[in-house]
Amino acid sequence: MARSVTINPPKMCQPMGAILAYMGVHGCVPLVHGSQGCSTYPRYNIARHFRESAEVAVSSLAEDAAIYGGAKNLTEAIKNVKSRLNPALIGICTTCMSETIGDDVKLIAKNALVPGDAMKIIPASTPSYVGTHLTGYDNALRTLLETLAAKGEPNNKINIITGVINPGDIREIKNMLRIMNVKSIFLTDISETLDTPIMPGGHKPLLPDGGTLPSEIVDSANSLGTITLCRTAGSAAVYLKNKFNVPAVLDPAPIGVVNTDRFVQNISKLSGAPIPDEIIRERGRLIDSMVDVHHYMFGRKVAIFGDPDIVSAIVRFAAEAGMNPTVAMTATRHKDFAPDIKAVNSEYSVDTQILEGTDLYEFHKVVKTHGAELIVGNSKGKDIADDENVPLVRVGFPVYDRVGVYRYPIIGYNGSIYLLDQMTNAILGHKYDPNKLHQ
Amino acid sequence: MTTILPECDIPIPQRRPHIVCHEPGNMVLPLCNIQTVPGDMTERGCTFAGCRGVVGGPVKDAIQLVHGPIGCAYYTWGTRRNLSDMKLHRKYCFSTDLTEESVIYGGAKKLLNSIIEAHELFPEGKAVFVYSTCVVGLIGDDTEAICKQASEKIGIPVVPFHCEGFRGVSQSLGHHIANRTLFEKVVGTEEPETTTPYDMCIIGEFNIDGDAWIVKPLFERMGVRVLSVFTGNASFSDIPPMHRAKLNIVQCQRSSTYIAKMINDKYGIPYINVSLFGMKQTAEALRDVGKFFHLEENAEKVIAEELARYQPEIDHYRKRLDGKKCFIYQGAPRAWHWIEPMRELGIETILTATTFGHKDDYEKIMSKVKPGHICIDNPNALEIEEYLVKLKPDFFIGGLKEKYLTYKLGIPFINGHSYEEGPYAGFEGFVNFARDIDVAVNSPVWKFVQTPYLNTGTMEVS
């Protein structure tokens with residue numbers, strides 16, 4: 001893309017991802033060190049995707065901070081969050097403003113604590129002019145581990161790095177681990193914190209129930225290994241490997257047959273747990289679902305956009321199901337993205353166009369030239385799908401124009417079944433001859 | 001003493017003057033329009049939000065170009081429900097997507113190229129609005145000079161808005177910046193093709209969920225020519241001739257009184273404040289405009305037609321809502337716009353709050369409420385939760401960020417920013433508003449918040 005102007009970018013800034021990482025930690029309050037929009041906009045985005053409230057503090061930087069620095073505001077913000085919410089952790093995200101004026105957040109955070117303080121502060125650096133929401137998630141997660149993880153006794157657990165995925169995905173992975181009888185630490189876990197119930201009488205805790213316990217983050221240094229569901233959040237796995245010799249497996253997201261097979265085998269290898277029949281039966285149901293629909297889906301052109309791990313894994317799954325992935329687009333660059341898709345192209349003799357670090361305006365142009373009968377991506381794909389008169393299957397973040405997408409998995413064997421059913425039903429529901437659907 | 005310090009604020013007593021309980025004869029206004037207490041979990045946004053999101057964003061045929069890193073552009077892409085009959089301003093998100101390199105070496109060249117490219121790709125754009133974000137103000141790009149240069153090159157207006165997010169205390173300054181920029185750079189640059197004695201602008205009407213499509217025809221049916229709506233469903237070309245109106249009416253009196261005053265000061269055009277919400281207030285606005293243009297009879301005719309059509313529906317909802325109590329938390333004006341309309345439905349507002357109200361907003365609130373009413377300036381999440389739990393309103397009118405908190409507490413909710421199923425303005429819109437409140441309050445879903453086995457641990461067997 002030789003343009004200066006970015007048009008319709010399916011990517012957000014670092015604080016957005018960092019807030020999501022922090023929201024998966026029990027008792028952690030995210031604190032944005034910046035202007036008020038830098039907390040309000042991500043909160044809005046979280047609320048509309050998860051249909052949950054997202055409480056985020058902000059240091060409310062203003063003109064005086066541009067001149068004198070933001071230390072006073074950040075110190076006061078830490079004090080106020082601590083005194084009112086008594087959190088276990090405060091997760092700081094920096095912004096364009098605080099980074100440009102050059103605040104030393106680590107030092108300010110250190111000075112804001114008194115000796116013997118039980119509360120810890122996580123000083124992640126997440127300026128919005130670097131990377132995307134995914135690097136923000138990665139930076140916050142790594143900083144969480146750098147601040148907390150500590151060597152102790154082996155815990156016989158597997159660390160699972162989630163990345164920006166949905167509560168439904170996390171619950172599905174937990175389910176697989178339960179079946180395999182493998183203990184785990186999720187880094188981090190929004191499955192409860194961003195999918196909360198309405199409790200009897202409308203009683204609600206001050207901070208959401210669930211999330212990874214800070215003690216689990218401490219203990220992650222003692223695990224059998226770390227597996228990433230999204231490699232974009234993988235720097236924490238590399239940190240644990242380098243610092244504490246915790247083996248790291250950075251493989252593609254477990255979507256589709258081969259990627260989920262790999263995930264299951266990785267769990268088995270790291271934990272020593274055998275792969276039980278129940279997992280094999282789940283796999284069998286996925287294969288069964290693929291066989292059931294292959295006449296509908298063979299050769300179907302699908303264009304996919306979103307975050308790199310999710311997109312490249314769906315490209316592979318689409319190819320496994322006999323579809324023809326024509327375009328794979330991500331706005332966040334990642335070293336594994338193009339090799340993943342090139343491997344699919346060569347294994348399945350398809351010609352998926354690879355768009356990396358670009359925008360949806362470019363994606364739309366390539367969809368027009370290479371064709372699509374189906375688009376898979378987040379809600380920002382709606383206009384393109386409408387213009388091309390094809391269905392949009394909503395996955396990823398954010399999805400705000402359909403309900404419940406965050407509740408259902410697209411990961412693991414069961415999630416893959418759900419995703420394939422969604423794709424198939426979208427095709428069947430869109431100009432498919434009903435006479436051919438009476439069996 | 002009429003100020004209150006809620007329990008959650010005991011550690012931050014500086015919040016006390018922002019929260020008042022109304023006592024007639026001892027009127028105290030909440031302390032307002034000052035810096036937020038850092039870390040208090042404020043709901044406020046930034047100056048960029050007020051400028052790009054509220055006032056500039058609705059202009060439908062302007063290329064809305066955000067100069068800064070990607071987030072600020074992304075988060076304002078099609079979010080506010082400022083509808084129009086053209087797709088450009090909501091379907092497309094334009095950003096210079098500044099990265100570290102630009103922060104070090106400046107973003108001037110990238111901005112210039114971005115303006116030129118956006119114009120080439122979208123010739124339907126009649127102007128380019130360039131919004132500066134925090135980092136642009138800090139690195140000091142001369143956006144004035146770049147926009148001037150770009151405008152000369154592409155031959156259409158390129159308007160720079162200096163709305164860096166860190167300026168001011170809230171979104172409010174962004175409204176002011178947008179008003180002043182459009183007034184100084186656009187208003188008066190072109191004359192209208194024709195003028196009539198009945199030319200009027202509707203100022204501070206952003207066509208949220210189609211509000212302008214309801215209210216504009218009301219005035220047109222009276223015989224008034226609506227010269228411009230500022231800025232709901234507005235074309236860029238609607239803004240230059242605003243100085244030739246005979247009268248301006250101002251609906252959003254927080255975000256847009258500025259331009260009405262500036263037009264009044266420079267061109268001597270009077271303006272009147274209106275509330276185009278609820279049956280009585282809308283009728284009053286029509287009468288005020290009718291009086292000004294000596295179109296009183298026409299106004300009465302329109303009012304009679306509208307009431308004949310919609311009052312029975314309002315009466316129907318009143319029967320279902322009479323005696324309910326509500327909270328209203330809005331940016332500012334809708335907190336007071338809606339107090340009287342709620343009474344038309346038999347609903348009393350027991351708490352109001354505004355994100356960025358000024359003194360005049362709180363004066364308007366206090367002039368309308370009953371003793372014991374609680375009013376909060378710049379409320380934070382904890383205060384909202386505490387008052388929802390303590391006072392248990394029958395429903396809460398707030399924004400999306402507060403919606404799901406309210407639901408978890410088992411309390412019905414209406415999105416007053418974007419609406420549930422609007423429009424809500426005018427006579428017809430008020431029927432929608434009443435219907436949505438009815439849906440919220442009388443839905444069967446709420447009865448299940450209580451469980452049959454809460455205290456016993458077992459479900460009762462019947």
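This is a predicted model: local features need pLDDT of at least 70, side-chain atom pairs count only at pLDDT 80 or more; totals for chains, interfaces and linings use all residues.
Local features need pLDDT of at least 70 and side-chain atom pairs count only at pLDDT 80 or more, whereas totals for chains, interfaces and linings use all residues.

Helices (H or I, at least four residues) and strands (E, at least two) are DSSP runs, numbered from the N terminus.

Two strands pair if DSSP finds at least two bridges between them. β2(A) pairs in the parallel sense with strand β4 (residues 89-94) of chain A over 6 bridges. Strand β3 (residues 57-58) of chain A also runs parallel to β2(A), joined to β2(A) by 2 bridges, and A:Leu31 has A:Ala57 as its bridge partner there. Between β2(A) and β3(A) the chain passes through helix α2 (residues 37-50) of chain A, in a right-handed β-α-β crossover; right-handed means that, with the strands pointing away from the viewer, the path from the first strand over the helix to the second runs clockwise.

The two chains meet in a contact that takes 57 residues from chain A and 63 residues from chain B, where two residues are in contact if their C-beta atoms, placed from the backbone, lie within 7 Å. On the side of chain A that touches chain B, at least two residues each come from β1 (6-7), α2, β3, α3 (63-68), α4 (71-85) and α5 (96-101) of chain A. This side of chain A has 26 nonpolar, 19 polar and 12 charged residues; Ala, Val, Leu, Ile, Met, Phe, Trp, Tyr, Cys and Pro count as nonpolar, Asp, Glu, Lys and Arg as charged, and the others, Gly among them, as polar. Strand pairing also links the chains: β1(A) and strand β3 (residues 94-95) of chain B are antiparallel over 2 bridges, with A:Thr6 opposite B:Ser95.

Chain B is divided into domain 1 (47-185), domain 2 (199-301) and domain 3 (310-448), with bounds from an automatic or database domain assignment. Between domain 1 and domain 2 of chain B, the C-alpha centres lie 27 Å apart, and 21 residues of domain 1 are in contact with 19 residues of domain 2. On the domain 1 side of this contact, α8(B) gives the largest share, 7 residues.

Chain B also holds an open, mixed sheet of 6 strands in the order β1-β12-β11-β10-β13-β14. β1 (19-21) and β14 (413-415) of chain B stand at the edges, each with a single partner strand, so one side of each is left without a neighbour in the sheet. Within the sheet, β11 (residues 348-354) and β12 (residues 374-377) of chain B pair in the parallel sense over 4 bridges, and B:Leu351 stands opposite B:Ile374.

A few backbone details deserve a look. A cis peptide bond, with omega about 0 degrees, joins A:Phe397 and A:Pro398, and A:Pro398 lies in the loop between β14 (392-394) and α17 (412-428) of chain A. In chain B, the bond from B:Phe230 to B:Thr231 is cis, with omega near 0 degrees, and B:Thr231 lies in strand β7 (residues 225-231) of chain B. Positive phi values occur at B:His294, near 55 degrees, and at B:Tyr419, about 75 degrees. B:His294 is exposed, with 10 other C-beta atoms within 10 Å, whereas B:Tyr419 is buried, with 20.

Methods:
Residues are numbered from 1 along each chain as its sequence is written. Chains are lettered from A and ligands numbered from 1 in the order in which they are written. A residue is buried if 20 or more other C-beta atoms lie within 10 Å of its own, exposed if 12 or fewer, and partly exposed in between; C-beta atoms are placed from the backbone.
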